[in-house]
Amino acid sequence: MSLTGLPLLVLSAVASLGALAGTVWFWRGTAWWRPISRTAGVLACEALILFTAGLVVNRSLEIFPSWSALFNRHHAAPPPTVVADPTTRLDVWLHARAVEGARNGLVFEWRPGGVGSWHLAAAPVIYVPPRYFTATAARFPVVVVVAPTRAGPAQGAWDPRKINQVVPHADAEVNPAVLVFLRTDHPDETVLTEVLPGQLDEDLRTAARGWAVVGVGADAGFTALARDPLRFWFAVAIDGAPRPAPPDELAWQATLSIIERPPGHGSVQVVARPEDRLPAAFQWVYRQLPAPLAAPLTGPVDPNAPR
Amino acid sequence: MPPNSLGAQVTAIVLAVVIAVDTALVWYRVRRWWGWLVRGTAVLLCVATALGAAAIWVNRQMDLFTTWSEVAGHRPLAPVTGQTTVDEKLPSGSQIVTFNVPGPASGISLAAKAYLPPGYDSPQGRRTHYPVVEALAGFPGTPNLWVVSLHIGDVLDHEIAAGRMAPAVVVFPLQDFDQTTDSECVDAVDGARFDTFLTRDVQAAVVAQFRVRSDRAGWGIMGASTGGFCAVNLAMRHPDLYAAAGSLSGYFTAITDHTTGDLYKGNLRLRDENSPLWRVTHLPVPALPVFLSVASDDRGGYQQLQAFQAAARPPMQVSTLVVPSGGHTGGVWRMVLPALFDWFAGWLAAPQISPVPGPVKPIPTHGPVKQGMLPNCEPAPSCTSKPDGARTARSGSLERTQALIRPSPVSLRKNGSPRRPY
């Protein structure tokens with residue numbers, strides 16, 4: 001009989017009236033058992049009237065739709081959600097370098113399949129932060145840095161021979177991210193927003209959201225925001241021209257233009273010497289990124305199950 | 001013996017039974033003129049004890065009152081603004097604290113509770129600004145819903161320890177003056193301004209009293225039942241303040257009834273603007289990720305969820321989690337809370353750690369990447385041959401020019417296998 005159904009309500013009301021009538025009927029008398037029957041009658045009336053009132057309220061508010069909900073038995077219904085640790089193609093290779101990686105991170109040239117068609121001047125270089133080697137279930141946000149082939153520190157880019165000077169080092173001080181350095185004079189939007197993320201997701205434990213693009217003298221970062229707004233949240237342009245802020249309707253995105261002089265309009269800007277611009281870009285981006293996280297639970301969890 | 005304890009429940013039931021027995025015994029023993037007075041008193045006591053037992057059962061379900069002072073109508077005592085009192089310390093090191101929200105913008109001043117994550121008072125925690133989730137209870141309801149009924153501290157500790165959630169501060173403000181009047185978290189016409197209180201004032205008080213992020217990227221809002229309505233409504237009305245919103249068994253159409261009073265004084269436009277379902281169909285939609293959860297046997301809530309999900313459109317991102325059964329109860333919310341907090345963590349910015357104050361350390365100089373290992377090259381000449389000057393043994397001997405500078409990840413990296421790792 002449904003907890004919110006009319007039959008139960010009617011039955012309870014009738015039982016309440018019956019208990020009331022019975023209590024009154026058997027109230028008089030001085031036999032030894034009369035006090036017992038009177039006590040039982042009073043308690044039965046109280047319980048049934050309160051139960052009936054509760055049914056009326058519950059039927060109105062639909063708080064407990066079933067007996068199992070009332071007795072909190074539904075918690076055993078859904079199975080515990082089990083999430084397997086992620087596995088990616090570079091796991092074995094990185095695991096072999098976990099000792100040195102956990103200390104200072106790891107930088108390596110990345111040559112995924114089809115990289116020759118990405119129109120890059122050199123193979124992408126990846127920086128994997130130290131925490132990647134200790135938080136083995138976590139997926140990390142990614143910062144993609146794009147610069148022209150010949151751009152160096154004087155143009156706001158990096159010296160390929162001293163790339164470790166620009167990557168943030170201490171995990172304790174910043175929120176770690178995987179960095180991908182690209183050299184190209186002709187940024188390919190499809191590569192940046194579709195091909196590269198797909199390859200990187202297969203090779204490393206990367207987050208599905210919260211990526212950033214830092215473009216040195218390129219529009220690539222800003223076009224990425226528009227092409228895949230769920231993945232790319234932040235863009236920085238390091239060049240002489242300010243870039244527009246994302247449209248208001250994409251409020252989780254943010255942009256920064258790092259330029260020589262403030263133009264008086266546009267998005268957030270920082271005045272910086274050319275050699276300070278890339279570190280400034282990283283500093284800004286790292287303040288925005290989500291944390292590296294293990295795969296989330298996506299289903300209900302039995303609160304009483306062993307965890 | 002607090003009013004939400006098992007002891008109070010047992011005492012109330014025993015008292016009801018004793019009064020019933022006494023009534024049965026005394027009924028015919030008083031035959032003079034005062035007999036009717038005694039009998040009348042006995043009946044009233046029977047009713048009172050029965051109602052008391054029922055009220056305590058309801059209170060145990062909802063944890064509305066945790067002290068007899070609150071039952072008597074006194075609001076929870078708030079510490080002086082700027083100070084916090086520790087209510088509970090959990091084994092993980094996290095804490096539940098009480099603080100005051102002075103509310104200069106709204107004119108409302110109420111106490112609130114907050115969860116501080118493990119490590120909040122550690123040396124690194126003192127340099128950290130945490131993301132915040134604001135959690136609103138239903139009506140009637142208080143922060144005890146989260147802290148006492150749902151054991152939210154344990155849930156948060158577990159999700160943080162599992163790495164599925166970054167450490168965060170969770171704030172539990174009061175959203176009503178008392179348990180008989182539902183504010184609906186709106187700025188009532190000629191009435192209490194709870195919208196302003198829960199957004200501007202709570203954020204200002206939390207930022208001032210705790211080490212938390214003050215930017216939109218670091219703030220989310222959630223709620224259960226009426227609190228779910230409040231969370232989605234406030235986030236849609238203030239998308240500049242919240243990066244994400246979550247609703248547990250919430251509804252999406254503003255209501256006015258005998259518990260709310262006339263909040264809008266006949267201003268239907270204002271009432272519509274406080275209805276998320278109306279907003280999502282009639283106004284530009286903010287870029288707001290929204291998490292909606294309900295039990296499918298909670299018919300009203302399920303219908304509301306379906307209607308909102310059908311009406312939502314980009315750039316709003318709607319995630320739903322429907323539990324098969326459980327009704328409109330804390331049992332459902334307890335099951336869904338871990339997934340909700342995991343979802344929040346994916347949309348909120350990470351804790352922001354300030355650098356250690358002190359002398360600036362020079363950045364180590366590293367060797368050229370080009371001289372590093374090419375780990376995922378095909379075994380080809382371009383990959384296997386190393387440039388001149390690169391190290392060739394894992395012992396780590398450095399070339400003279402490199403030995404003058406500190407070793408680096410890059411220089412250590414150089415001696416790995418050139419084999420393609422996949």
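Predicted model: local features only at pLDDT ≥ 70, side-chain atom pairs only at ≥ 80, totals over all residues.
Residues are numbered from 1 along each chain as its sequence is written, while chains are lettered from A and ligands numbered from 1 in the order in which they are written.

**Chain A.** I found eight helices and 10 strands here; these are DSSP runs numbered from the N terminus, helices being H or I of at least four residues and strands E of at least two. Of the 307 residues, 44% are buried, that is, they have 20 or more other C-beta atoms within 10 Å of their own, with C-beta atoms placed from the backbone.

**Strand E2 of chain A.** I checked residues 125-128 and saw both faces covered: A:Val125 and A:Tyr127 are buried on one side, A:Ile126 and A:Val128 on the other. E2(A) runs antiparallel to strand E1 (residues 106-109) of chain A, joined by four bridges, and A:Leu106 stands opposite A:Val128. E2(A) also pairs with strand E5 (residues 178-183) of chain A, antiparallel over three bridges; pairing takes at least two bridges found by DSSP. There, A:Val125 has A:Phe181 as its bridge partner.

**Chain B.** I then traced an open sheet of nine strands with mixed pairing, in the order E1-E2-E3-E6-E5-E7-E8-E9-E10. Its edge strands are E1 (85-89) and E10 (317-323) of chain B.

Conventions:
Buried ≥ 20, exposed ≤ 12 C-beta atoms within 10 Å, placed from the backbone.
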